[in-house]
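Please look over the structure shown here. The report below takes its helix packing and its sheet in turn.

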Amino acid sequence: MKILNLKILNLDDKIIQDIHFNETGSNFIFGDVKKPNSKSETSNSIGKTLLLGFINYFYGADEDSEISKKEINNWKLIATIKYKKNKTEVKRIIGSSNFIIEGKKINLETYKEMFEIDRSLYSKQIFLSDRSSLIPAYNKNPSQNDMEKFLQMINLDQLVIPVGKYYIAQNNMKKNKETKNQLLELNDWNEKDIEARLFYLDKKVKELKAEIDNIDSEQSEADISSQKDYSVQEYSVKNEELKQLLNSIQKLELENKRLNVYMKEAKSLNDTAKNIEKLYKKANYEIPGIVQKSLEETEKFYKDSILDRKKIGVKRLKENKICIGKYKNRIIKLKQYLNTIDQIIRENDAFKEALIIYKSLNEELQDLMYEKGNLDNMMKLNGNIEEYDRELNNLHSTLVQLRTYYDEIIIKYREYLFDLVSDLYSEKVQAFFDVKVRSKHQTTRPIEVNLQIDGDSGEGVGTVRKRLIDILIFCWGEKTDFLFHDSSCFTGVDSRQISKLLEILEEVSKEKDKQYIVTLNRFQIDKTDTELINIMKERTIISLSEDNKLLKFDF
């Protein structure tokens, strides 16, 4: 899928921008600005990143509140896209997730189906800001989906299914261990005594059942059966229900306590970032770029992850409160019912002594059976954990075998990146790339991706490593035919390395018949690199500045 043209129309249907894209090769969205005092000063001021966001809309992105602000709500975006050799004009209204094709309105999901858009894949080739992990991922620690998509993008497809199963087995093991630890905590058990305790309980249960059977045999069926059926058996059932309700309340209150601690820590994280920013402002001291970026990342993480989890936590607290209320109401009714049964037993002099003994033994038996049930659950959880551990062993062996199958392709990538790095740096700098299977572990994820650059100690080396991974996917991947970079993806990188990276991306995009779109600021360019300057003259699709902003007004 490629974009060939984009028109931006205001509320009066006046064309504000009409941008033509190169179908193959580089497309530069150029920021003709001087280097700002603050790194955030020009990030969205002239519209480079905003334009990239508009383009992203036609690659199936959800509506973004950072883009769909009230100043441009209901503006129109009209794009010409090419998909499987066919060109289609698509309209999208800012503030709406619907599309219009040939006069017909379709929703986002239908649009993605029509053009076979896999957002979990596409989003890993469209960077409106730089990522924190080596492989394309939303967070620093890649998820199962991140790792699966990365393996697909570098053509290691046979690893995908066992890796996915490995993650699932690890997650199931984690859940079983958490449930097991909750049981240990709620019952104040020592794990090493569980098996012995269960053995002793079995013995005691048999003894109590024998005593109860003995009482039954000593009483005539006519004398005791009706009273026992009504009072003792009913008492046992209701008493068991009462204990289960009390246990459920205890679990919910423990969960509420943990949720409250988490939300307090979450608020502390955001408050800390805000307080840091206030301190700088109060001191009338400009926030250093690296601090600003950290604050922005903290805020983004807080919004994207913690707020969502906090909402879930608040919802869960409300649900727990309702459940606890229902349980307490039921407990009151059960206690009243049990008191009624006790009254019947007290009033029946003929069977009083036998029923009291019978009732006492049954209560003790029910207590033991309840504890035995929990202990049985513990043993079942231990069995599940052992089963998942065996599954991890089998999956690990499978992954190790499959990894050897890909030795040749990994070596090809390794040589390719080694040559790129040699060309990228004038000094002696070397690179080593590997995708390997870690040692089997119950929690550590199975695949390790490493790109080691030796000889570069500059602050931008981490960014260079990520861009090299992007180039690797762009060059060898077969799942997409595009790559988009915001200028922030080159922050901290020496202008000479930026020039080389862009020249490589231009060469790859032309050689592989792919489309590369990048936003770039003037201060990021090596002015002595005539090759890049010539490429940019030929490949710049729009030049923006403080006097020529994307939307023709401050946004």
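## Helices H4 and H5

In H4, Gln144, Met147, Glu148, Leu151 and Gln152 meet Val160, Val163, Gly164, Tyr167 and Ile168 of H5. Contact means heavy atoms within 4.5 Å. Helices (H or I, at least four residues) and strands (E, at least two) are DSSP runs, numbered from the N terminus. By class, this contact has six nonpolar, three polar and one charged residues. Ala, Val, Leu, Ile, Met, Phe, Trp, Tyr, Cys and Pro count as nonpolar; Asp, Glu, Lys and Arg count as charged; the others, Gly among them, count as polar.

The model is predicted: local features need pLDDT of at least 70, side-chain atom pairs count only at pLDDT 80 or more, and totals for chains, interfaces and linings use all residues. Residues are numbered from 1 along each chain as its sequence is written, and side-chain values use heavy atoms, with hydrogens and water left out.

The axes of H4 (residues 144–153) and H5 come within 10 Å and cross at roughly 170 degrees. Axes are lines fitted to C-alpha atoms, for helices over the stretch in contact, and angles run from 0 to 180 degrees between N-to-C directions. H4 and H5 are therefore roughly antiparallel. Angles under 35 degrees count as roughly parallel, over 145 as roughly antiparallel, 65 to 115 as roughly perpendicular and the rest as oblique.

## The span of H5

H5 covers residues 160–187, and at 1.5 Å a residue its 28 residues should span 40 Å. The expected span is 1.5 Å times one less than the number of residues. The end C-alpha atoms of H5 are 41 Å apart, which agrees. Aspartate 188 follows H5 and has a positive phi, near 55 degrees.

## Helices H10 and H11

The axes of H10 (residues 407–424) and H11 (residues 461–476) come within 11 Å and cross at roughly 125 degrees. H10 and H11 are therefore oblique to each other. Among the H10 residues that meet H11 are Tyr413, Leu417 and Leu424; the H11 side includes Val464, Leu468 and Trp476. This contact has 12 nonpolar, no polar and one charged residues.

## The open sheet

Six strands form an open sheet in the order E2-E1-E4-E5-E6-E7, with antiparallel pairing. Strands pair if DSSP finds at least two bridges between them. E2 (15–20) and E7 (104–106) stand at the edges, each with a single partner strand, so one side of each is left without a neighbour in the sheet. The twist averages 25 degrees from one strand to the next.

E1 (residues 2–9) and E2 pair over five bridges. Leucine 9 stands opposite isoleucine 15 in E2.
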